[in-house]
Amino acid sequence: MTPTVTTYGRTTYLSVTGLGEPGGGEHAAAVQALYTVAAALGVTPGPLEGQWWVEDERPGLQVPRDQWRWHVLLPLADAPHEGALERAATNTRAACRAVDRVRLATVTEGECVELLHEGPFSEEHLSLKVMEEFMAEHGLTVDGPHHEVYLTAFDDPAPRTLLRQPVRRA
């Protein structure tokens, strides 16, 4: 389990921003809204992603999960044409009220430390510790919200999550 340093340029996403526990009601509604809008747009998105942070001086994993902030993201190969996102929301609102929260977002993370976590989310802290040690050894510090790419479904018995942390030189 060795982290790598990778650089990411500009990526376009469908995005919903929220507050609360991963897998909780607000989070689940946001995920449903993203997939509903993507289907209405007729696009095949990449894997579900999430950016996570806390507005607290404590380390993130010490903050109650209902206080976690997030962007749930679906990467797009191309940005939708002007007005397409609004039409998709209008056409799907009856099926999923949260579609009105879907926005188009562009993210440029730059240099990142990454590590593939294989196992349950409850053990992610072990992989994050490996990443923190790697960053310290290489003179890197956090430069943006923690980012996860979900390579398997949340209920997969053998989950795989790409952990990504934007960094800068300390």
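The model is predicted. The protein chain holds 3 helices and 7 strands, which follow one another from the N terminus in the order β-α-β-β-α-β-α-β-β-β. With a radius of gyration of 16 Å, close to the 15 Å that the globule rule gives for 170 residues, the chain is as compact as a globular protein of that length.

**Overall dimensions and packing**

- Taken along the principal axes, the box filled by the C-alpha atoms of the protein chain is roughly 50 × 30 × 30 Å.
- Of the 170 residues in the protein chain, 41% are buried.
- When contacts between residues at least 6 apart in sequence are considered, 74% of them join residues at least 24 apart.

**Surface and charge**

- The protein chain has an accessible surface of about 9400 Å², and carbon and sulfur atoms account for 51% of that surface.
- The side chains include 14 positive and 24 negative ones; the centres of these two sets lie 6 Å apart.

**Helix 1**

- Helix 1 covers residues 25–41, which amounts to 17 residues.
- From its first C-alpha to its last, helix 1 reaches 24 Å, close to the 24 Å expected at 1.5 Å a residue.
- Several residues of helix 1 are buried, among them His27, Ala30, Val31, Leu34, Val37 and Leu41; Ala33, Thr36 and Ala38 also belong to the buried set.
- The cover over these buried residues includes three strands, namely strand 1 (4–19), strand 2 (49–53) and strand 3 (69–76), and it also includes helix 2 (84–92).

**Leu73 in strand 3**

- Leu73 lies in strand 3, which is one of the elements that cover the buried residues of helix 1.
- Leu73 counts as buried because its relative accessibility is 1%, and buried means under 20%.
- Leaving aside residues up to four places away in sequence, Leu73 touches Tyr13, Leu14, Ser15, Leu34, Pro47, Leu48, Glu49, Gln51 and His147.
- One of these contacts, Leu34, is a buried residue of helix 1.
- Leu73 and Val102 are 29 residues apart along the chain, and their C-alpha atoms are separated by 9.5 Å.

Conventions: Residues are numbered from 1 along each chain as its sequence is written. This is a predicted model: local features need pLDDT of at least 70, side-chain atom pairs count only at pLDDT 80 or more; totals for chains, interfaces and linings use all residues. Side-chain values use heavy atoms; hydrogens and water are left out. Helices (H or I, at least four residues) and strands (E, at least two) are DSSP runs, numbered from the N terminus. The radius of gyration is taken over C-alpha atoms; the globule rule is 2.2 Å times the number of residues to the power 0.38. Buried means under 20% relative accessible area, exposed over 50%, partly exposed in between (1.4 Å probe, protein chains only). Contact means heavy atoms within 4.5 Å. Accessible areas come from the Shrake-Rupley method with a 1.4 Å probe; for residues, only the protein chains shown count as cover. Lys and Arg count as positive and Asp and Glu as negative; His and the chain ends are not counted. The place of a charge is taken as NZ of Lys, CZ of Arg, CG of Asp or CD of Glu. The expected span of a helix is 1.5 Å times one less than its number of residues.
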